[in-house]
Amino acid sequence: MSRIRKPAVAGYFYPKETTTLRNQVIDLLESTEKSNGFKNIFGIIAPHAGYIYSGRTAAFVYNLVKYKEFKTVIIISPSHREYFPGISIYDGDAYLTPLGIVNINQTVSNLLADNSKVIFRGKQGHNQEHAVEVQLPFLQTVLPDFEIVPVVMGDQGKMFVDELAEQIAKVADEKTLIVASSDLSHYYSKQTANELDSIVSKRIAEFDYDRLQEDLDSRRCEACGAGAILSLMKSADKLSKRKAAVIHRSDSGDVSGDNNEVVGYLSAVIYGE
């Protein structure tokens, strides 16, 4: 019997009815489509809040990978609901969304975990985690045929980031896309959020993950999926994919009108020459 991870946040972060969800994603993509000048894309950074708040920012970057020939998508997520000292790759067969089943690439999943003391196959971090799940309907809409490697970081410390980056660099090829799932600052005023988030944006655009790490460590900025972003950038560096562009930035106040306590969002692309 197949082991399928069922949707945990359908009807909450995004619509649970298939047609409604498909139409919402298509509308978001059509409203944000721009000319695509990016080639040799290695990875993207996309937010993971409810679609009403961050879907537009995510759509900007998903347009950049639309119809490309990626066959494996490694999605890196923080663990919002449970801490564990390691990195968990779902050990089941598939994830399910209202748009259908997305199979797990077992070969790549096993290769990532092989010979690693901190990366393992399991269910820890996956049961209720939304940061992987919300990326899937976008991927199901823009890519015709792909499998996923859902990765949840129970600890986003430097040791875990470095190990994940090393392992990704070993398994990624030209048909692999890395998705770093992350929001930015949480519950500051719009002005303060902009100041904090602009630091993250600047470091990504400059492809300076060392200074980003320093800024995060010193609390000059925030990102709940910082480990995902850093793992993406470091693995890209190992493969000489050292160009980056921030595509869109926003916050929840843009939609809610409440600018006293906002959550920041950013989408970006990492690519090679």
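I began with the lining of the largest cavity, sorted by class: seven residues are nonpolar, four are polar and none is charged. A reminder to myself: this is a predicted model.

How many cavities of 30 Å³ or more are there? I get one by that rule. The volume of the largest cavity comes out at about 40 Å³.

Next I wrote down who lines the largest cavity: Pro47, His48, Ala49, Tyr51, Ser54, Gly55, Ala58, Tyr62, Val134, Gln135 and Phe138. Which helix gives the most to this lining? I found helix H2, residues 51-62, with five residues.

I moved on to the largest pocket and noted a volume of about 410 Å³. Its lining has 19 residues, and I marked Ala49, Gly50, Tyr187, Val263 and Tyr265 as the ones nearest the centre. E12 has the largest share, with three residues.

By class, I put the lining of the largest pocket at nine nonpolar, seven polar and three charged residues.

Then the second largest pocket, where I have about 220 Å³ of space. I listed its lining as Tyr188, Leu196, Leu216, Asp217, Arg219, Cys221, Glu222, Ala223 and Ala226. Six of these residues are nonpolar, none is polar and three are charged.

**A pair of helices**

Last stop: helix H6 (residues 158-171) and helix H9 (residues 226-238). I saw their axes come within 8 Å and cross at roughly 45°. H6 therefore counts as oblique to H9. I noted the crossing of H6 past H9 as right-handed.

Which residues of H6 meet H9? On the H6 side I have Lys158, Val161, Asp162, Leu164, Ala165, Glu166, Ile168 and Ala169. They meet Gly227, Leu230, Ser231, Lys234, Ser235 and Lys238 in H9. I sorted the residues of this contact into six nonpolar, three polar and five charged.

Note on methods. Residues numbered from 1 in each chain as written. Predicted model: local features only at pLDDT ≥ 70, side-chain atom pairs only at ≥ 80, totals over all residues. Heavy atoms only, no water. 1 Å grid on protein atoms, 1.4 Å probe; cavity = no way out; pocket = protein on both sides within 12 Å on 5 of 7 lines; lining within 4 Å. Points joined across faces, edges and corners; volume = space filled by probe spheres on them. Helix = DSSP H or I, 4+ residues; strand = E, 2+ residues; numbered from the N terminus. Nonpolar A, V, L, I, M, F, W, Y, C, P; charged D, E, K, R; others polar. Axes fitted to C-alpha atoms, helices over the stretch in contact; angles between N-to-C directions. Parallel < 35°, antiparallel > 145°, perpendicular 65-115°, else oblique. Left-handed = near helix turned anticlockwise from the far one by under 90°. Contact = heavy atoms within 4.5 Å.
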